[in-house]
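Thank you for making time this morning.

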Amino acid sequence: MVHSNGDIPLTNGGVAATNGTKSTNGMPLASQSLNVTLKDKVIAITGANQGIGLALAEACLANAASRVYSLDIKDPGKEFLELQSKHPGALEHIKVDVTNQAEVESSLDAIVEATHRLDGLVANAGITAHKSALDFSQAEVERLWKINVMGTWNCATAAARMFLKLNTKGSIVMTASMASYGANKASMLIGSQTVPSTPYSATKAAIRSMAKTMAMEWADHSIRVNSVSPGFILTELSYHVRDAPDWDTKMKYWRGMPRLALPQELGGAYVYLLSDSASYTTGIDIPVAGSVGAW
Ligand SMILES: NC(=O)c1ccc[n+]([C@@H]2O[C@H](COP(=O)([O-])OP(=O)(O)OC[C@H]3O[C@@H](n4cnc5c(N)ncnc54)[C@H](O)[C@@H]3O)[C@@H](O)[C@H]2O)c1
């Protein structure tokens, strides 16, 4: 049977475009792989010079992305250069401050000029600060909001504009946090100096909400927007967990997995959301948190 729009239904329920290259209705192409893969895709990841972002770059490259760009305010360090040397020509760095909209836009222009495509953007760069809410100055709270929320906003809107220009069914993935779901129990003050971060949690809740709303706005264009909420991941940013003498006790009490995750353990969730396997997945959050999400 040929649909009224000229497309041919696949045996698996999908619809192949008759010209084999372009779907007229947002349906997957007949040529779409059933493997979860980033084959041929060009992915930009903010804050990928270290920590979670760098591990995501590693995961994208391991899953056949053709080029990964780190958009990071810092210069590349030893770990980034090591990964780069394992993937000659496939991992690049562009110096970008995500709070600067013009810098974000020109970095995406440079990627498209070099590769003629952009398939996915991970808005991952972020910072934290931990102390009692009453001890934060307005300037400190504004800095957290500027980098975490406005940085994510700048990157997501710039990517969506680029996807529209390129007529690409692009994927945007934001790094939220389990802290977006509620107060971060495990870093509460229980006889130690650690405290949750009220402004950080609020920025992450804003990001999760932004992903859902943008997903609705851009669904008509087949631009997908999702988020991932990591739990406790072993990076520079989680110093407040590592340094807490009672963290193990708290984890046993709350029945969380009694360890921090390696950043690489997040890779599968991001790779899935960036891949064509997720062509009908938009507006969701995936918690990767070692049972913390079950609290
Ligand atoms: N580590 C955790 O346990 C954890 C848990 C939940 C969520 N997260 C989130 O994961 C993301 C990555 O965190 P991480 O743990 O890898 O931290 P990290 O400090 O190791 O890495 C953050 C990266 O972002 C970059 N960055 C900071 N400000 C920037 C700016 N203005 N412009 C461009 N780049 C900038 C830094 O240079 C750095 O490379 C953050 O959004 C963080 O909130 C982390």
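Let me begin with a term that will come back several times: a residue is called buried if 20 or more other C-beta atoms lie within 10 Å of its own, exposed if 12 or fewer do, and partly exposed in between, with the C-beta atoms placed from the backbone. By that count Asn 167, with 10 C-beta neighbours inside 10 Å, is exposed.

Two remarks on where this comes from. The model is a predicted one, in which local features need pLDDT of at least 70 and side-chain atom pairs count only at pLDDT 80 or more, while totals for chains, interfaces and linings use all residues. Residues are numbered from 1 along each chain as its sequence is written.

Now the overall picture. The protein chain has eight helices and nine strands, where helices (H or I, at least four residues) and strands (E, at least two) are DSSP runs numbered from the N terminus. Of its 295 residues, 43% count as buried. Two residues are in contact if their C-beta atoms, placed from the backbone, lie within 7 Å, and among the contacts with a separation of 6 or more, 71% are between residues 24 or more positions apart.

Let us turn to the sheet. Two strands are said to pair if DSSP finds at least two bridges between them, and on that basis there is an open sheet of seven strands, in the order S5-S4-S3-S6-S7-S8-S9, with parallel pairing. Its edge strands are S5 (91–95) and S9 (285–288), each of which pairs on one side only. From one strand to the next the twist averages 20°, taking axes as lines fitted to C-alpha atoms, for helices over the stretch in contact, and angles from 0 to 180 degrees between N-to-C directions.

I would like to stay for a moment with strand S8, residues 224–230. Strand S7 (residues 171–175) runs parallel to S8 and is joined to it by five bridges, with Ile 172 standing opposite Val 225. Towards S9, also parallel, S8 makes four bridges; there Ser 227 has Asp 285 as its bridge partner, and Pro 230 stands opposite Val 288.

Is S8 mostly covered or mostly open? It is mostly covered, since seven of its seven residues are buried. In a regular strand the side chains alternate between the two faces of the sheet. Here both faces are covered, with Arg 224, Asn 226, Val 228 and Pro 230 buried on one side and Val 225, Ser 227 and Ser 229 buried on the other.

Ser 238 counts as partly exposed because it has 19 C-beta neighbours inside 10 Å. Leaving aside residues up to four places away in sequence, Ser 238 touches Phe 232, Ile 233 and Leu 260.

Next comes helix H7, residues 247–254, whose buried residues are Trp 247, Lys 250 and Met 251. They lie on the same side of H7 because they cover an arc of only 100° around the axis, the arc being that of the directions from the helix axis to the C-beta atoms. These buried residues pack against helix H6 (239–242), whereas the face turned away from them carries the exposed residues Asp 248, Lys 252 and Tyr 253. Just after H7, Arg 255 takes a positive phi of about 60°.

Asp 40 is not a glycine, yet its phi is about 70°; it belongs to the loop between strand S2 (15–16) and strand S3 (42–46), and it is exposed, with 11 other C-beta atoms within 10 Å. Asn 167, with which I began, has a phi near 55° and is found in the loop between H4 and S7.

Finally, the ligand. A residue is taken as near it if its C-beta atom, placed from the backbone, lies within 6 Å. The ligand is surrounded by 30 residues, the closest being Gly 47, Gly 51, Gly 126, Thr 235 and Leu 237. Helix H1 (51–62) and helix H4 (138–166) each supply at least two residues of this shell, and the largest share, three residues, comes from H1.
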